[in-house]
Amino acid sequence: MAQGTETPAGPPGGTSTGTGKGAADASGTAAYLDRRTLRRGSAGWLLLTGLGVAYVVSGDFSGWNIGLSKGGFGGLAVAMLLMGVMYACLVFALAELSAILPTAGGGYGFARRALGTWGGFLTGTAILIEYILAPAAISLFIGDYVESLGLFGLTSSWPVYLACFAIFISIHLWGVGEALRFSLVVTAIAVAALLIFAIGAFTEFDAGRLNDIPADTTAFGSNSWLPYGLLGIWAAFPFGMWFFLGVEGVPLAAEEAKDPVRSMPKALAISLAVLVFLALITFVSATGARGADAIKEAGNPFVVALQGGGEPTVLSRFVNYAGLAGLVASFFSLVFAGSRQLFALSRAGYLPRFLSLTNRRKSPYLGLLIPGIIGFTLAAWSGNGGRMLNVAVFGATISYALMALSHIVLRRREPELPRPYRTPGGAGTSSVAFVLACSALVATFLVDRDAAFIALGVYAVALAYFAFYSRHRLVAGAPEEEFAALAAAEAELRRG
């Protein structure tokens, strides 16, 4: 048993440093975990692939275009390329790690094995920041869409936020299989809409419009393709991420997957390939149809690209409604990801244990309801979706760096560890992801310094909780802790 952990049957606040306490503790651990189990075998590679695309698809409809105001077409194109490389390298590393450690903890579980309890908590907290704030931000965007489209006669968006959390959390409470099938259908609608938009936009494509933003002659290295200079490439990093942000959450479904050792790497690879294709066609078609300058700050760049300042067309109306489907798909899947990360951290004792209780349908009901309440409160109180997304991006980049580092450490420290799937390029691949993730982390300060400091403040509070309380109350029987304990025992045998 790992130092600083306890079995659930032990005395409150106590710790155990031995290798076991007998049948009573074994029985207590079994009862504890029995109330905290997910429905296994609910998702095959197709549902997992749909989940990976769903996390991201709303970012294709809007948000990325603000990167044009930071780097121009050339700057955002280079940023998208580099961020695409980062995600590809990270996904290959995660495919290997998820085949080794197929638990609901995802990135937190990988970091726990490689970097210890502190590394696990740092990674899990960063992921949790991303997956709690992103749905809150997207609910704001859904509200704006519903209001602008005149649906249901609403003139205030807060009822939409409430409906989003209430309806979609209810579907998740129904069961993971049903939830992921719903997500797959909505995602398919959104992807079809992106393809239809691209076909329509390419009919009005003009390459001369790609670089129509006037160059800032005071910026170093500026030209028509890089109107804000070389620094504009770096500033566009967070917006290049929008085409891929969230795909790394697929491993959070590992405990509920069919044959995760095979299905997880396959789903990660296919979902990333789909996202790369969608990123290319939407970025180029939307910018070339109306011009980078026209859409660089548009809240709905597709509609602007199709109709400019003119009258709505049949296609622009269709895309406007389809954008709502894309937002719903991402909102729905991100709620799933946040609940599973919270579940895993709670089950292992990093967060209050009651948050990992599951209902009769094996859904972590408190892990869904409490983040939902927090998300709705933030949406209704703040109203600043852009700021919340910037905070989420800050958390994401920290988690990427730590997950890539986990892969590097495990490759070097445990080279003989059975690896059903091996990352092409090994530690070199994850090293590229690590360097680019650190660069993206610094870039968040160029975009929204306040958001970065808000995220750091949340991080500081969480770390204080862990340092003074929860690290002394970890659950030895949790899967991530068991993996770590076995690794420590094997290392001790090798030394002996």
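The axes of helix H5 (residues 158-174) and helix H13 (residues 365-382) cross at roughly 170° and come within 10 Å of each other. H5 is therefore roughly antiparallel to H13. Axes are lines fitted to C-alpha atoms, for helices over the stretch in contact, with angles running from 0 to 180 degrees between N-to-C directions. Angles under 35 degrees count as roughly parallel, over 145 as roughly antiparallel, 65 to 115 as roughly perpendicular and the rest as oblique. Helices (H or I, at least four residues) are DSSP runs numbered from the N terminus.

This is a predicted model, in which local features need pLDDT of at least 70 and side-chain atom pairs count only at pLDDT 80 or more, while totals for chains, interfaces and linings use all residues. Residues are numbered from 1 along each chain as its sequence is written, and side-chain values use heavy atoms, with hydrogens and water left out.

**Contact of H5 with H13**

On the H5 side, Trp158, Tyr161, Leu162, Phe165, Ile169, His172 and Leu173 meet Tyr365, Leu368, Leu369, Gly372, Gly375, Phe376, Ala379 and Ala380 of H13; contact means heavy atoms within 4.5 Å. The contact of H5 with H13 comprises twelve nonpolar, three polar and no charged residues. In this classification Ala, Val, Leu, Ile, Met, Phe, Trp, Tyr, Cys and Pro count as nonpolar, Asp, Glu, Lys and Arg as charged, and the others, Gly among them, as polar.

**Pockets and cavities**

On a 1 Å grid over the protein atoms alone, a cavity is a set of points where a 1.4 Å probe fits but cannot get out, and a pocket is an open set with protein on both sides within 12 Å along at least five of seven lines; lining residues have an atom within 4 Å of a point. Grid points are joined across faces, edges and corners, and a volume is the space filled by probe spheres set on the points. The structure holds four cavities of 30 Å³ or more.

| Space | Volume | Lining by class |
|---|---|---|
| Largest pocket | About 650 Å³ | 23 nonpolar, two polar, one charged residues |
| Second largest pocket | About 350 Å³ | seven nonpolar, nine polar, five charged residues |
| Largest cavity | About 200 Å³ | eleven nonpolar, four polar, one charged residues |
| Second largest cavity | About 80 Å³ | eight nonpolar, four polar, no charged residues |

The largest pocket is lined by 26 residues, and Ile129, Ile132, Leu133, Ile374 and Val458 lie nearest its centre. Two or more lining residues of the largest pocket come from each of helix H4 (107-148), helix H12 (314-347), H13, helix H14 (385-413) and helix H16 (449-468). For the second largest pocket, with 21 lining residues, Gly63, Ile66, Phe141, Trp242 and Gly386 lie nearest the centre. H4 and H14 each supply at least two residues of that lining.

The largest cavity has 16 lining residues, of which Ser58, Gly59, Ile138, Leu245 and Leu389 lie nearest its centre. Helix H2 (45-61), H4, H12 and H14 give two or more residues each to the lining of the largest cavity.

The lining of the second largest cavity includes Phe165, Ile169, Leu368 and Gly372, residues that also take part in the contact of H5 with H13. H4, H5, H12 and H13 each supply at least two residues of this lining, and H13 gives the most, with four residues.

**Ser346**

Ser346 lies in helix H12 and is buried, with a relative accessible area of 0%; buried means under 20% relative accessible area, exposed over 50% and partly exposed in between (1.4 Å probe, protein chains only). Not counting residues up to four places away in sequence, Ser346 touches Tyr32, Leu351, Pro352, Arg353, Phe354, Leu355 and Ser356.
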